[in-house]
Structures are given as C-alpha cells and as structure tokens.
Amino acid sequence: MPVQQLKDYLDEANVEYMCLSHPPAFTAQQLAHHVKIAGDRVVKTVIIELDGKMAMLVMPATWRVRWDRLSRILDTDFVELADEQEFQDSFPDCEVGAMPPFGNLFGMTVYCAEVLTEQPELAFAAGSHTESIHMKTRDFLNLVQPMVINQGFTRPGTQKPAWLLKNRKRPEPRKETLLAGY
C-alpha cells in the first residue's frame with residue numbers, strides 16, 4: 001500500500017491525520033527522533049508467525065517483544081518473528097520495515113499493546129521510510145479494530161533476561177574424553 005493509498009483510505013474514513021516527510025527512518029525509534037515525538041507514541045509494526053499464519057503486533061517503538069509471555073497470552077505454542085522474505089509480498093508497494101499498522105487492510109489479525117490505547121495520538125511509517133502518518137489513537141482503534149493485549153511486551157528500562165545479555169560469560173563446553181576400547 002503506497003502512502004497515497006493509505007491517505008485515500010483515511011480520507012474515505014473521514015479521519016484527521018497529518019502526513020510528514022522526513023529523512024529515512026529504518027526503525028520506529030529513528031522515526032521518533034526525526035519527527036521529534038516520544039518513542040512511546042510511535043508505533044512499531046512487527047510481523048509474527050502465529051500457528052502458521054502471519055499476524056501483526058503493534059507496540060510502542062521503545063518496547064520489546066517477550067516471546068514467552070506473548071505465547072502465553074495468545075494461548076499458542078508457536079509464535080515467532082516472521083521472515084521478511086515470507087511476508088514482503090503481503091505488503092505490495094510498501095518498503096520492507098515500513099509497513100503501516102493496518103493489518104486489517106492486508107488480511108492479518110492485529111494485536112495491539114494496551115499501553116498504546118492510552119496515548120492520545122500515534123505516529124507510524126506510512127509504507128515508506130521517508131513518510132509517516134500521525135493520527136488520533138481512537139481513530140486508529142476504530143479503523144483497525146485490533147485485539148488489545150496487555151502482556152507479551154517489555155517496557156523500556158527493563159533488564160533483558162539473562163539469556164539475552166550479550167556480555168554474559170558462557171560456561172566452557174565440557175570436553176569429553178574418549179576411552180579406547182569402549
């Protein structure tokens with residue numbers, strides 16, 4: 001969905017929005033920096049594979065996915081980050097990594113972090129790394145009708161789980177001695 005198609009969709013829905021051009025932003029946090037808005041008001045769109053089907057997570061740019069908690073809240077044993085090669089055809093004319101959070105327009109279930117529903121306004125990539133849409137949260141929620149979830153995410157400043165820490169000292173692998181004749 002090119003930027004113009006998204007604008008047309010919002011115009012048809014009679015929704016107020018603002019479209020901004022800015023330097024290329026390849027992450028939601030870069031977008032927040034370029035448009036000078038708090039990272040918790042910028043939407044990060046994450047495509048997941050959920051029991052073999054693509055779905056969309058919509059969350060604040062500053063937050064991270066907690067896969068174990070997300071799996072629990074969605075009551076599934078299989079949820080993982082989708083491979084870009086597998087979903088890029090689902091978003092025709094969108095630049096990879098700049099998909100707007102309107103999964104409903106692409107036939108995907110949308111899961112939204114509850115904390116976003118408390119924000120008065122949201123900003124997100126509009127299908128391009130150089131354009132973003134800013135709109136009222138209530139309009140976004142009315143148009144997308146996402147499933148709002150309150151778990152599966154980690155807030156900024158929360159320490160990563162020990163197994164994710166990069167500088168964590170890993171135990172030396174055990175060296176097995178092979179005994180001749182056994």
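Student: How do I read "buried" for a residue?

Tutor: Buried means under 20% relative accessible area. This model is predicted. F87 has 5% relative accessibility, so F87 counts as buried.

Student: What does F91 count as, buried or exposed?

Tutor: F91 has 2% relative accessibility, so F91 is buried.

Student: How much of the protein chain is buried?

Tutor: Buried residues are 43% of the 182 residues in the chain. The chain exposes about 11100 Å². Carbon and sulfur atoms supply 47% of that area.

Student: How many aromatic pairs does the whole structure hold?

Tutor: A search finds six. Take F87 and F91. Their ring centres are 6.1 Å apart and their planes stand at 90°, so this pair is edge-to-face. The cut-off for edge-to-face is over 60 degrees between planes.

Student: Which residues do ring pairs link into a cluster?

Tutor: Y9, F102, F124 and F140. Keep F140 in mind. F140 is one of the buried residues of helix 5.

Student: What secondary structure does the protein chain have?

Tutor: Five helices and 10 strands. Helix 5 spans residues 137-144.

Student: How many residues of helix 5 are buried?

Tutor: Six of its eight, which leaves the helix mostly covered. The buried ones are T137, D139, F140, L141, L143 and V144.

Student: What comes just after helix 5?

Tutor: Q145, with a positive phi of about 55°.

Student: Where is S132?

Tutor: S132 is in strand 8. S132 has 0% relative accessibility, so S132 counts as buried.

Student: Which residues does S132 touch, leaving out those up to four places away in sequence?

Tutor: M18, C19, L20, H22, L31, V35, F124, A125 and A126. Two names deserve a second look. F124 also belongs to the ring cluster. H22 has a side chain joined to that of S132 by a polar contact of 3.4 Å.

Student: How do I read contacts across the whole chain?

Tutor: Look at how far apart the partners sit in sequence. Take contacts between residues at least 6 apart. In this chain, 67% of them join residues at least 24 apart.

Technical notes:
Residues numbered from 1 in each chain as written. Predicted model: local features only at pLDDT ≥ 70, side-chain atom pairs only at ≥ 80, totals over all residues. Heavy atoms only, no water. Helix = DSSP H or I, 4+ residues; strand = E, 2+ residues; numbered from the N terminus. Buried < 20%, exposed > 50% of the residue type's maximum accessible area, 1.4 Å probe, protein only. Contact = heavy atoms within 4.5 Å. Areas by Shrake-Rupley, 256 points an atom, 1.4 Å probe, with all protein chains shown as cover. Phe/Tyr/Trp six-rings, centres within 6.5 Å; stacked < 30°, edge-to-face > 60°. Polar contact = N/O pair within 3.5 Å; in protein donor to acceptor, adjacent residues only side chain to side chain.
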